[in-house]
Each structure stands twice: as structure tokens, then as C-alpha cells.
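This report looks at side-chain contacts in one protein chain.

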Amino acid sequence: MKSNKFVILVLFPIFALTTVFLIAPLFYGLGVSLFDFNPVRGQNPFVGLKNYQKMLNDAVFLKAVKNTLIFVLVTVALNIVFTLWISTTLVDLPWRRWRNFFRAIFFIPCIAPLVTSAVVWNKGVLITQGGLLNSLLGYFGIAPVNWLGDQNIIMAAMILFTLWADFGYNTVLFCAGLEGIPRDFLEAADIDGAGPLRKFMSIRLPLLGRTFVFVLMMTIISYFQMIVQFMVLVAKGGVNNSATTLAYYIYKNGFIDKNMGYASAVATILFVLIFTVSMVQRRLNRVDWEY
């Protein structure tokens, strides 16, 4: 009995903080979505589900959903494949100092504030005239590309920046997971004459399962909520809303247009979308193994 009281006493502050800062705001936002809510207006009438009905005829919202899904699917896939390849290469380096050196180098973009990095890319890398990326393309005889002004290319620029800014984090996580795999399995594979690809597909990837599921889920959740680069690199959602995502659309409606009710409704849809994708992905990637 005393043990139960101690457990309750220890866990109560955690439950209280979770309720105040996580559960309560979630239900408050859901409640706000049922009102025509404007924080600077005295009267905020109840409108029920009209904010949700409005989305069905909102072309910008539908385009934001499309842009968000494209951004998340492409960026997550490229991030996972690229970081897996980099981390496998680093782990196979025979010199520990070099492994630590390259991991530190790759992690540097993750340390820099995302806003600062986005400003540097906006003014120095992606700018049409004199930008680093267009200068590199010029060496191959390719004409300058309007990375941030062409609606057909702007999403590629967002994906490129996001990969550069974020790949170091997953690289470190995958390196930790790969280094935790017992060397006995790899040595046995070497004796059997297995090549690098065979060892990766049959040994490393299956035994990396728990790390892989964690990294994949956290990357998906993070990319659904990405907003900084879409605010700094692109003005007002891009040409014809070509770079408008759900996160930016929530910000625009809530803090620029002061339409908190509609912004909360869009945020609710984003929450449901993230939750559904996370649960489906978690179920499809259930891992049960032991070394």
C-alpha cells in the first residue's frame, strides 16, 4: 500500500503537467474549431462544423494537403535512404577517429538554428543570380534556375534544404544502432562470403528494426510539422500557393488573418492525419526480435 502511494506521489506531477500542457490544449483547440473565433473580437459565435465543411471547398487547403503529402513522402524517403547509406559507410570505416570526425561534421547543420540556415540558403545558395547552387550548375553549362520563384521547382528546393539541415540527426541515430549490432554476425557473414549488400539486407537492416521504426516515425511526425523554411525561404506560400503546407496554412489563418477558428479546424485535421499515418506505420513496422 505504501509502495502504491509512493508511485502515485511520484507520477502525479508528470500526469498534471501532461494534462495542463498537452491534453487540455488539445481539447481547447478542438473546441475553438467549432467557433468563428477571432482573438481581437468581442463576439465569437458558435458555428459547429462549418469550419470543417469550409475545407471541402477551400482550394488552398486542398492544395496544402497535396503539398504536405508530397513533401513528407519524398523527403522522408530520401532522408532514410541517404542516412542509412551514410551511416553504414561511416560504421565500416576502420579508424574510430575518422568515424567521430565525420559524424560531427554531418551533425553541424542540426546544431545551427533553422531560421539562420534558411536565411543563408535564401541569400547565398538558392538565389538565382550568383547563388552557390546555380554557380555549380553553371560549370556544367546549365542555365540558372529560379529555385524559389518557379512553382514547378520550389518544392524541390524545400526538400533539398530540409535534407541538408536534418540528415545529420538520423545519421547519428543509425550509426548508434548499427554499432550496437554484434560483430559476430558480420564476421560469420564474411566467412560465408557475403558481400556488403547481402550483409546489409540480411543482417544489418533486420537487426536495426527498432532503431529504424523509431527514426522513421519521428521523421514523419517532424516533417508534417515543418514550417520554418516555408516561412523564410518562400514569401506568402509561393507562386500560386505552390509551397503552402498545412503547417504554414494554420499559421497564416491563425496569426495573420486572425481566423483562429478555421486555423484550429485545419490543425485538428493535421493532428488526425499525423496520428493516422503514425499508427499505420507503427503497425506495419512492428518489430519482435532478440540478438
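## Burial and the model

A residue counts as buried under 20% relative accessible area, as exposed over 50%, and as partly exposed in between. Arg-204 has a relative accessible area of 6%, so Arg-204 is buried. The model is predicted.

## Salt bridges

Side chains of opposite charge can pair when their charged atoms come close. The structure holds four salt bridges. In one of them, Asp-92 pairs with Arg-204, with the closest N and O atoms 2.6 Å apart. Asp-92 lies in the loop between α3 and α4, while Arg-204 lies in helix α9 (residues 196–207), so the bridge ties together parts 112 residues apart in sequence.

Arg-99 is buried, with a relative accessible area of 14%. Glu-179 is partly exposed, at 36%. Another bridge joins Asp-257 and Lys-252, at 3.0 Å from N to O. Both ends are partly exposed: Asp-257 at 40%, Lys-252 at 30%. Bridges that share partners connect Arg-99, Arg-103 and Glu-179 in one network.

## Aromatic pairs

The count of aromatic pairs is 18. Among them is Phe-71 with Tyr-223, a tilted pair. Their ring centres are 6.1 Å apart, with 50 degrees between the planes. Phe-71 belongs to helix α3 (residues 59–91) and Tyr-223 to helix α10 (residues 209–224), so the pair links parts of the chain 152 residues apart. Phe-71 is buried at 1% relative accessible area. Tyr-223 is buried too, at 1%.

How are the rings of Trp-121 and Phe-161 arranged? Their centres lie 5.4 Å apart and their planes meet at 75 degrees, so the pair is edge-to-face. Trp-121 is in helix α5 (residues 114–125) and Phe-161 in helix α7 (residues 154–179), 40 residues apart. Both residues, Trp-121 and Phe-161, are buried.

## Ring cluster and a charge over a ring

Ring pairs build a cluster from Phe-82, Trp-85, Trp-98, Phe-101, Phe-102, Phe-106 and Phe-167. Elsewhere in the list of contacts, a charge meets a ring. The charged end of Lys-54 sits over the ring of Tyr-262, 4.3 Å from its centre.

Terms used: Residues numbered from 1 in each chain as written. Predicted model: local features only at pLDDT ≥ 70, side-chain atom pairs only at ≥ 80, totals over all residues. Heavy atoms only, no water. Phe/Tyr/Trp six-rings, centres within 6.5 Å; stacked < 30°, edge-to-face > 60°. Helix = DSSP H or I, 4+ residues; strand = E, 2+ residues; numbered from the N terminus. Buried < 20%, exposed > 50% of the residue type's maximum accessible area, 1.4 Å probe, protein only. Lys NZ or Arg CZ within 6 Å of the ring centre and 35° of its normal. Salt bridge = Lys/Arg side-chain N within 4 Å of Asp/Glu carboxyl O.
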